[in-house]
Amino acid sequence: MRRDLPLVRKTVRSTLRMCNVRGAVEVHLIGAEDSRRLNRRFRGKRTPATVLSFKASRSFPHPASGRVRYLGEMYLAPSVIRSRGETLPRYVVHGLLHLLGYTHRSKRDTIKMEALEARVLVSRARRRTIR
């Protein structure tokens with residue numbers, strides 16, 4: 001999981017920059033079993049999640065929030081993500097968008113969130129190929 005940290009950091013930075021947000025987020029890379037436990041506890045689901053995001057309360061003080069807004073915590077399960085044939089950056093972006101207030105409660109919300117997710121990932125891929 002340690003090898004995933006540079007990719008996660010870069011994806012967080014580029015996503016926040018593209019969304020014009022100065023923010024801090026705690027990212028935890030966890031295994032499938034921890035992901036399953038958290039998913040069961042907080043969502044009532046028995047399977048491991050790819051990503052779980054917990055938005056910070058505006059009234060809760062956080063040491064990292066001096067000059068930037070503390071967004072919350074994100075738990076990523078790289079082994080679960082890869083076992084589903086997905087990529088880590090996609091779920092970093094997805095989790096961050098939840099922390100920024102995007103949801104997929106309605107079809108309209110889903111379309112809006114997925115469109116922004118796609119724009120961020122395409123922009124990120126373009127920058128990587130240009131360099």
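How many salt bridges does a search of the whole structure find? The search finds 5, a salt bridge being a side-chain nitrogen of Lys or Arg within 4 Å of a carboxyl oxygen of Asp or Glu.

This is a predicted model, in which local features need pLDDT of at least 70 and side-chain atom pairs count only at pLDDT 80 or more, while totals for chains, interfaces and linings use all residues. Residues are numbered from 1 along each chain as its sequence is written, and side-chain values use heavy atoms, with hydrogens and water left out.

**Stop one.** Select Arg-82 and Asp-4, whose side chains form a salt bridge at 2.5 Å, N to O. This pair links distant parts of the chain, 78 residues apart: Arg-82 lies in helix H3 (residues 78-83) and Asp-4 in the segment before helix H1 (5-18). Helices (H or I, at least four residues) are DSSP runs, numbered from the N terminus. Asp-4 is buried, at 3% relative accessible area, whereas Arg-82 is partly exposed, at 37%. Buried means under 20% relative accessible area, exposed over 50%, and partly exposed in between (1.4 Å probe, protein chains only).

**Stop two.** Move to helix H2 (residues 32-43) and select Glu-33 and Arg-37, which are 4 residues apart, about one helical turn. Their side chains meet in a salt bridge of 4.0 Å, N to O. Both are partly exposed: Arg-37 at 47% and Glu-33 at 39%.

**Stop three.** Asp-34 is partly exposed, with a relative accessible area of 36%.

Key:
Helix = DSSP H or I, 4+ residues; strand = E, 2+ residues; numbered from the N terminus.
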